[in-house]
Amino acid sequence: MNCILKIEIKKFNNMELVDTTNNLVNEFIAVGQFDQIKFHKLNFDLNEGILKQIYFDYLNLSIEKKVNDLQVIYCCPANEDFNYDNFENDSNWNYQFLSFIEAEDFDIEVYKDIDFFKSLDRNNYIGIFKTDTINEGYEKIARLHFDQKQINRTFTMMIINNKFDEKKTKEDIIDFTINFKVNNPERLKSTLKTQLGYEDKIYYILGNSDLQINFCNVLSDVLVNAVNKIKCAIEENDLKQNIRYVHSSVKVAADFSYYENVLQKKNNEKMDYKKAIAELKSMVNNATILDNNEKKYYSTINGMLLLLEEMYYENSNNKYIILAVLPVLYECYIILNKAKNNKILNGVLESVSQTLQVYAVSNFKTGHTPLCISNLYFAPVKLISFYNSYLRMLTLISNFQDSEIKVRYEFLILPRFQNTTNIQTFESIQNKLEDRMLVVYMPSESLFDLQNSLIILTHEAGHYLPNRIRWREERTKFLIKSTISTIYQLIKNNVEYEDRQLDIFNKKLSKYCLSILKKVKNSFEEQNNENKDYLVETEKSIRNSYIENIQNSMFDFLKDLTSDENDNSNISLIKYDNIYKKIGDNIFELINPLSPLSISEFYSNYEYLLRECYSDLFAIELLGLDVQDYVNAFANSFSDNYLNDRVTDYVSFNNKVLNRIAAVLYCENWNIDKNNIFMNKNDINVIKKWIDNQKNIEKNNVNSIEDDGSLIGMQVQSIRCNFIDYLRKCKVSLENVAKENSKLKMLYNDLKNNNHDLNNILSLIDQIVFENENYFSDVINEKKKNIQ
């Protein structure tokens, strides 16, 4: 069993506070913007992934709890000697403090009287400690800041024990206020004044609240008594529905002057992210685009400035956010200057804005907040940062860079309510495919499936790598030759001649197809386009070239069929008129875009297999996957029940996907069976049959496609051989990349082996996120060069 601590923090629209007479030692009154806190110890089965269980527990909690606002924190002890039983059973205290700490190099060993926890939230640690007086708690918080030079920010909540002991408070002097947002302020004020005698403590106020009760220079036990009296008065006078919001705050006298030297030293020691934000902000403010009075960009520029302003003041000390988002905003500025395309800019900025909303939400949250995007409210900050950092690490591996082409890819993870992961691309410069902003839309649920998500994201990144390890020129040659082979097969489909005439027909058809092949190759080679070998470009050029040449020479071919140069006898149009018509119909099917037998249709199938098989091999080789990891990752991604710990209903795939899986298994020399593979039996048999057929084809030495007019070169089997040859070349290149970047395999195996330990998972996340910091300066400086 694996134990973690779950903290529920609730906010009610009225004074529906916890009854202080109850016997629950793990449910307490909270002071501040929340009203109630509850602690749970969760025991999870080690046979299941802990992050998935956290996610399902959260969903169940959201459905069951009828509250207006609920935040949930799942955390694990950072102290090795932490004892859950002591934590739960210790009720000998008046106040408990939860301090959410954003810090660097934080030394928790210094504080033996504080229990520290780690969570998936933006905070590095959550410190929980108990005191008899409020002032003792505030002194500990001040000590944290004084001792720890690397603390960036803390947010602390105070909890009151249900078994509050007034005798322990001593001379605990405080000021506290309770603010109310109400429908009828006068009625509430009258009730509190007449029943509680608070006449001189009640004020009308401006701002987000209507009434305030203010207690100055009182003993801390007054707070507890006041809360209970107010609650009773509201219940007795049926005022619950009148109150929309309640917020309380406590103030103690404290001298913070000794922070000054500490804060100054802290800022000098760390990397200056604020400077990088400020520089970009200045560049956006002075964007040359404004000199041209192009007013249509004003709103876009203002939106970008608002995002930078938010980052500067709210997030500039949080590495999880800065490392993921700031390089993306620099890329936005490059797009602003070079693309001058509002559609692209606004799409990118909208994605960045939504991502910042993820980071703005502390911990998991349910409920309704104005201007919130609900699916972002349970997207843990550290998981989003981890995936962003991992994708940047992939793009920065030197083996992926061409010596002549400098690639700038920026990935941005954005959770969505959808079943599969997909990427939207934004090019910074028209027809410059090496410079892209890539927004990765991930299923919100899959964020919690680290192992499979790493496979899927690696696969998706594999679609955007430079030429050197993609063999794009070889891929283009395969597409050109395999297309003509398919044309040959489809034209002769269901055409029946006598033996002698069939031989003549085959030769004429072969001649016709090879002449088209030559024209298509020449046309492609003459293109003055540096991106012509990218699939997005070849799809247009090769497909259109084939259609054009077939149309231009179709009637010449049909005419040629009526003469036989060998014996001067004609293939009679009268005798074979139905055959002649069948050939014409087959050719028409090829050029008809609506036909399932069109060039466009089978070209897209080839393109799918080339694109997806390469990316599959990319993930397999770089992460060191085995057959079970590979097949089950896609079984999960194609399943509606995505986040089941395992897909219990075996997943069915269409033929295109089965061909893809079979080709990859064949290249990897893997066998597939029912054990631990979550595919239905029929699909497994289809894959086995494909692999067996390919083995027989290679055993029989079927030739590859050649330009020599040989009929064997036009056979369907030769297409598969050429396809496998291409994949094998890619596999060898990827194996070399994987050897030089073994840390990717180590990371995947660590996540796979530590799937049940939240503490280890959090350590691995931090390792990848903060490794990104080593590249940060280089990334930003490179972008500045591209701006100039």
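This is a predicted model: local features need pLDDT of at least 70, side-chain atom pairs count only at pLDDT 80 or more; totals for chains, interfaces and linings use all residues.

Biologist: How many helices and strands does the chain have?

Modeller: The chain has 24 helices and 16 strands. Both are DSSP runs numbered from the N terminus: H or I with at least four residues for helices, E with at least two for strands.

Biologist: And what percentage of the residues is buried?

Modeller: Of the 788 residues in the chain, 56% are buried, where buried means under 20% relative accessible area with a 1.4 Å probe, protein chains only.

Biologist: Now glutamine 451. Where is it, and is it buried or exposed?

Modeller: Glutamine 451 lies in helix α12, residues 450-461. It counts as buried because its relative accessibility is 18%.

Biologist: Which residues does glutamine 451 touch?

Modeller: Leaving aside residues up to four places away in sequence, glutamine 451 touches Asp629, Tyr748 and Lys752; contact means heavy atoms within 4.5 Å. Lysine 752 is 301 residues from glutamine 451 in sequence, yet their C-alpha atoms are 5.9 Å apart.

Biologist: Changing topic, what is the span of helix α19?

Modeller: Helix α19 (residues 655-668) has 14 residues and reaches 20 Å from first C-alpha to last, close to the expected 20 Å. The expected span is 1.5 Å times one less than the number of residues.

Biologist: Why is α19 described as largely enclosed?

Modeller: Eleven of its 14 residues are buried, so the rest of the structure largely encloses α19. Among the buried residues are Arg660, Tyr666 and Glu668. After α19 comes asparagine 669, with a positive phi near 60°.

Biologist: Last, how do α15 and α17 cross?

Modeller: The axes of α15 (residues 535-560) and α17 (residues 599-623) come within 11 Å and cross at roughly 150°. The two helices are therefore roughly antiparallel, a term for angles over 145 degrees. Axes here are lines fitted to C-alpha atoms over the stretch in contact, with angles from 0 to 180 degrees between N-to-C directions.

Biologist: Which residues meet there?

Modeller: Those in α15 include Leu535, Glu539 and Arg543, and those in α17 include Ile599, Tyr603 and Arg611. The residues of this contact divide into seven nonpolar, two polar and four charged.

Definitions and conventions
Residues are numbered from 1 along each chain as its sequence is written. Side-chain values use heavy atoms; hydrogens and water are left out. Buried means under 20% relative accessible area, exposed over 50%, partly exposed in between (1.4 Å probe, protein chains only). Angles under 35 degrees count as roughly parallel, over 145 as roughly antiparallel, 65 to 115 as roughly perpendicular and the rest as oblique. Ala, Val, Leu, Ile, Met, Phe, Trp, Tyr, Cys and Pro count as nonpolar, Asp, Glu, Lys and Arg as charged, and the others, Gly among them, as polar.
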